Amino acid sequence: MPLFRRKSADLVEDQVSEVETSEVVTTATRGHTPSKRELGVPTPKRPSTQRRPGGAAPVSKTPLTKQEAKEQRRLARQRESERFRREGGPRDRGPERQLVRNIIDSRRTVGSFFLGGAFVVLIGASVPDTRVQAIANILWLALALAVIADSFLISRRIKKLVRERFPKTTERMGSLYFYGISRSLSFRRMRVPLPAIGVGDKF
């Protein structure tokens with residue numbers, strides 16, 4: 001009797017397995033793919049922490065304090081000032097202007113001593129002595145004539161070199177003259193952009 005019971009149980013299990021197999025085959029033939037849940041495979045869980053593209057960890061934006069924001073603004077102004085000293089502004093763009101700067105920076109100009117001489121003249125004119133005032137007036141006249149003569153020579157050199165190196169330039173010569181003369185009237189260390197060559201250098 002136990003032998004017959006085991007066989008009947010085996011027959012029941014075989015029938016159940018055949019029914020399940022036929023259902024899977026029938027479902028597969030209908031174009032349905034069984035899910036992992038139907039097959040008894042556990043679905044992996046996604047990590048709860050979301051990451052930024054590229055795998056980088058999220059960056060927390062901490063609001064800056066008033067002192068930190070002030071320091072950042074100061075550093076930004078300093079960087080902008082240094083960049084302006086090196087590169088200049090829109091009026092300094094172009095190869096013709098670079099050439100004019102090299103013409104001025106490669107020589108010593110009378111205009112670079114003009115401000116110092118004008119300060120001496122101002123002091124001499126304020127002295128209550130007619131002889132000192134007369135000397136100051138003569139010095140002022142000499143400075144003015146020297147600056148005019150030097151500006152004339154600078155303009156001639158600018159015209160010659162610009163015509164030679166940039167024969168098809170669209171820059172107005174009068175604008176280049178004014179640009180060169182105004183640069184020659186300032187101290188070398190105060191020129192913007194900073195001189196790219198030394199006195200006497202070839203360019």
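Me: At what angle do α5 and α6 pack, and how far apart are their axes?

Reply: In this predicted model, the angle between α5 and α6 is about 160°, and their axes are 8 Å apart. Angles over 145 degrees count as roughly antiparallel, so α5 and α6 are roughly antiparallel to each other.

Me: Is that crossing left-handed or right-handed?

Reply: The crossing of α5 and α6 is left-handed.

Me: Which residues meet there?

Reply: From α5, the residues are Phe114, Gly117, Ala118, Val120, Val121, Gly124 and Ala125. Their partners in α6 are Val132, Gln133, Ala136, Leu139, Trp140, Leu143 and Val147. By class, this contact of α5 with α6 has eleven nonpolar, three polar and no charged residues.

Me: What about aromatic pairs, how many are there?

Reply: The count comes to one aromatic pair. Phe114 and Trp140 form it, with 5.6 Å from centre to centre and 45° between the planes, and the pair is tilted. Phe114 belongs to helix α5 (residues 114–125) and Trp140 to helix α6, so this pair links distant parts of the chain, 26 residues apart.

Me: Why give both a distance and an angle?

Reply: A pair of aromatic rings is described by the distance of the centres and the angle of the planes.

Me: Next topic: how does α4 pack against α6?

Reply: Helix α4 (residues 95–105) packs on helix α6 (residues 130–165) at an angle of about 140°, with the axes 10 Å apart. That makes α4 oblique to α6. The crossing of α4 and α6 is right-handed.

Me: Which residues of α4 and α6 meet?

Reply: Leu99, Val100, Ile103 and Ile104 in α4 meet Ile154, Arg157, Ile158, Leu161, Val162 and Arg165 in α6. The residues of this contact divide into eight nonpolar, no polar and two charged.

Me: And α4 with α7, what are the angle and the axis distance?

Reply: For α4 and α7, the angle is about 35° and the axes are 9 Å apart. The crossing of α4 with α7 is right-handed. On the α4 side, the contact is made by Glu96, Arg97, Val100, Arg101, Ile104 and Asp105. On the α7 side, the residues are Ser175, Leu176, Tyr179, Gly180, Arg183 and Ser184. By class, the contact of α4 with α7 has four nonpolar, three polar and five charged residues.

Me: Where does UniProt list a "transmembrane region"?

Reply: The UniProt entry, which is unreviewed, lists residues 110–128 and 134–155 under that name.

Me: How much of each span is helix in the model?

Reply: Residues 110–128 are 63% helix and 0% strand, and the end C-alpha atoms of this span lie 29 Å apart. Residues 134–155 are 100% helix and 0% strand, with the end C-alpha atoms 32 Å apart.

Me: One last point: is the peptide bond from Val192 to Pro193 cis or trans?

Reply: The bond from Val192 to Pro193 is cis, with omega near -5°. Most peptide bonds are trans. Pro193 is placed in the segment after α7 (173–184).

Terms used:
Residues numbered from 1 in each chain as written. Predicted model: local features only at pLDDT ≥ 70, side-chain atom pairs only at ≥ 80, totals over all residues. Heavy atoms only, no water. UniProt positions renumbered as here; feature names shortened; annotations may be inferred. Helix = DSSP H or I, 4+ residues; strand = E, 2+ residues; numbered from the N terminus. Axes fitted to C-alpha atoms, helices over the stretch in contact; angles between N-to-C directions. Parallel < 35°, antiparallel > 145°, perpendicular 65-115°, else oblique. Left-handed = near helix turned anticlockwise from the far one by under 90°. Contact = heavy atoms within 4.5 Å. Nonpolar A, V, L, I, M, F, W, Y, C, P; charged D, E, K, R; others polar. Phe/Tyr/Trp six-rings, centres within 6.5 Å; stacked < 30°, edge-to-face > 60°.
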